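Keep the viewer open and follow along.

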Amino acid sequence: MNDRARRRQRPRSAGPAAAGAAQAAQRAVDEARALAWAGRREEAIEACSRALGNDSLPAELQLVLLDLRAESAEAAGRLAAAQADAEAMLALAGSIGTPAARAAALGRQAVLLMRAARLPPSLQAAATALRL
């Protein structure tokens, strides 16, 4: 095998640009989480929305940002917005394909259903999440 063929077979690293994007995404998650924990819900929602506008964001971080935004929207009394984010989480969790992603999405769904006084579907979502 010649050098050219070996170079073609060698896996390529993501490179510094991808590493920088991942770090920026993690900073956005950290910022949104800090704002939410400080009770600055509207700012947390804005931070999550800004970060979610990044098309190159890894799906796992999108899921975390959607969860933070849904939690903040719920706390701010914007249940329709929170429900929309929970639905987006469920769709995204399906594409991620891990039990942890699906459990996170179902957990958020369960909380919002409970908040809407829809207890039987809330319990069903929570039970499904626990079985994963």
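Where is the place of Ala117? Ala117 sits in the loop between H6 and helix H7 (119-131). Before going on, a word on what you're looking at: this is a predicted model, where local features need pLDDT of at least 70, side-chain atom pairs count only at pLDDT 80 or more, and totals for chains, interfaces and linings use all residues. Residues are numbered from 1 along each chain as its sequence is written, and side-chain values use heavy atoms, with hydrogens and water left out.

Most residues other than glycine have a negative phi. Ala117 is not a glycine, yet its phi is positive, at about 65°. Ala117 is also exposed, with a relative accessible area of 63% (exposed means over 50%, buried under 20%, partly exposed in between, with a 1.4 Å probe and protein chains only).

Now zoom out. The protein chain has seven helices and zero strands, so along the sequence the pattern reads α-α-α-α-α-α-α (helices are DSSP runs of H or I with at least four residues, strands are E runs with at least two, and both are numbered from the N terminus). Of the 132 residues, 32% count as buried. Take the contacts between residues at least 6 apart in sequence: 50% of them join residues at least 24 apart (contact means heavy atoms within 4.5 Å).

H3 and H4 pack at an angle of about 155°, with their axes 9 Å apart (axes are lines fitted to C-alpha atoms, for helices over the stretch in contact, and angles run from 0 to 180 degrees between N-to-C directions). That makes H3 roughly antiparallel to H4 (angles over 145 degrees count as roughly antiparallel, under 35 as roughly parallel, 65 to 115 as roughly perpendicular and the rest as oblique). On the H3 side, the residues that meet H4 include Ile45, Cys48 and Leu52, and among their partners in H4 are Leu65, Leu66 and Leu68. Arg50 and Ala28 are 22 residues apart in sequence, and their C-alpha atoms are 8.5 Å apart in space.

Next comes H6 and its two partners. H5 (residues 79-96) and H6 (residues 99-115) pack at about 160°, with axes 8 Å apart, and are therefore roughly antiparallel. Among the residues meeting here are Met89 and Leu90 in H5, and Leu106 and Arg108 in H6. By class, this contact has twelve nonpolar, two polar and four charged residues (Ala, Val, Leu, Ile, Met, Phe, Trp, Tyr, Cys and Pro count as nonpolar, Asp, Glu, Lys and Arg as charged, and the others, Gly among them, as polar). The axes of H4 (residues 59-75) and H6 cross at roughly 10° and come within 11 Å, so these two helices are roughly parallel. Their contact divides into six nonpolar, no polar and five charged residues.

Leaving aside neighbours within four places in sequence, Arg108 is in contact with Asp67, Ala70, Glu71, Glu74, Ala86 and Met89. One of these, Glu74, is joined to Arg108 by a side-chain polar contact of 3.5 Å (a pair of N or O atoms within 3.5 Å; within protein, one must be able to donate a hydrogen and the other to accept it, and residues adjacent in sequence count only if both atoms are side-chain atoms).
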